[in-house]
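User: I would like to go through a model and learn how to read its features one by one. Please give the general idea each time, then the case at hand.

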Amino acid sequence: MAVITNNDVVVLCLTPIICIFSDTTGADAEPFLIAMFIAANTASMALFIGNPTNIIVAEANDISFLSYSAWMGLPFLGAAVAGIVVLYLT
């Protein structure tokens, strides 16, 4: 969801849903919340619209949507792999 909308929206919408599902199933919500926070923040860096900071930086430096995505492709993949490794190890 963070790729098509703002990461703040994802976190604000999914946090209560994860908490309700965790309470219903008796599962610990913390690992799911941490995974959601990592995924939302990592995915938000991939596109121009993913984070308000991205919009400000891209507009201030006159970077197009496609140019921004091209520059952020490799850092996004690196952050995604690092996030998966951290989640797997903890």
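Analyst: Helices here are DSSP runs of at least four residues, numbered from the N terminus. The model is a predicted one. As an example of placing a residue, S69 falls within helix α4, which covers residues 65–89.

User: Is S69 buried or exposed, and why?

Analyst: Buried means under 20% relative accessible area. S69 has 19% relative accessibility, so it counts as buried.

User: Which residues does S69 contact, apart from its neighbours within four places in sequence?

Analyst: Contact means heavy atoms within 4.5 Å. With those neighbours left aside, S69 is in contact with A46 and L47.

User: How many helices and strands does the chain have?

Analyst: There are four helices and zero strands. Read from the N terminus, the order of elements is α-α-α-α. Along the principal axes, the C-alpha atoms fill a box of roughly 50 × 25 × 15 Å.

User: What do the totals for burial, surface and contacts look like?

Analyst: The chain has 90 residues, and 28% of them count as buried. Its accessible surface is about 6000 Å², with 75% belonging to carbon and sulfur atoms. For contacts between residues at least 6 apart in sequence, 51% join residues at least 24 apart.

User: How should I read the packing of α2 and α4?

Analyst: Two packed helices are described by the angle between their axes and by the distance between those axes. Helix α2, residues 29–44, packs with α4 at an angle of about 170°, and the axes are 9 Å apart. Angles over 145 degrees count as roughly antiparallel. The two helices α2 and α4 are therefore roughly antiparallel to each other.

User: Which residues meet where α2 packs with α4?

Analyst: On the α2 side they are I34, A35, I38, T42 and A43, and these meet F76, A79, A80, G83 and L87 in α4. By type, the residues of this contact are eight nonpolar, two polar and no charged.

User: Where does V85 lie, and how far is V85 from A29?

Analyst: V85 is in helix α4. It counts as partly exposed because its relative accessibility is 42%. V85 and A29 are 56 residues apart along the chain, and their C-alpha atoms are separated by 20 Å.

User: What is there to note about the phi of D62?

Analyst: Most residues other than glycine have a negative phi. D62 is not a glycine, yet its phi is positive, at about 55°. It is located in the loop between α3, residues 52–60, and α4.

User: Is D62 buried or exposed?

Analyst: The cut-off for exposed is over 50% relative accessible area. D62 has a relative accessible area of 72%, so it is exposed.

User: How many disulfides does a search of the whole structure find?

Analyst: A disulfide is a pair of cysteine sulfur atoms within 2.5 Å. The search of the whole structure finds zero disulfides. C13 is in none, and the nearest cysteine sulfur to it, that of C19, is 13 Å away.

Key. Residues are numbered from 1 along each chain as its sequence is written. This is a predicted model: local features need pLDDT of at least 70, side-chain atom pairs count only at pLDDT 80 or more; totals for chains, interfaces and linings use all residues. Side-chain values use heavy atoms; hydrogens and water are left out. Buried means under 20% relative accessible area, exposed over 50%, partly exposed in between (1.4 Å probe, protein chains only). Accessible areas come from the Shrake-Rupley method with a 1.4 Å probe; for residues, only the protein chains shown count as cover. Axes are lines fitted to C-alpha atoms, for helices over the stretch in contact, and angles run from 0 to 180 degrees between N-to-C directions. Angles under 35 degrees count as roughly parallel, over 145 as roughly antiparallel, 65 to 115 as roughly perpendicular and the rest as oblique. Ala, Val, Leu, Ile, Met, Phe, Trp, Tyr, Cys and Pro count as nonpolar, Asp, Glu, Lys and Arg as charged, and the others, Gly among them, as polar.
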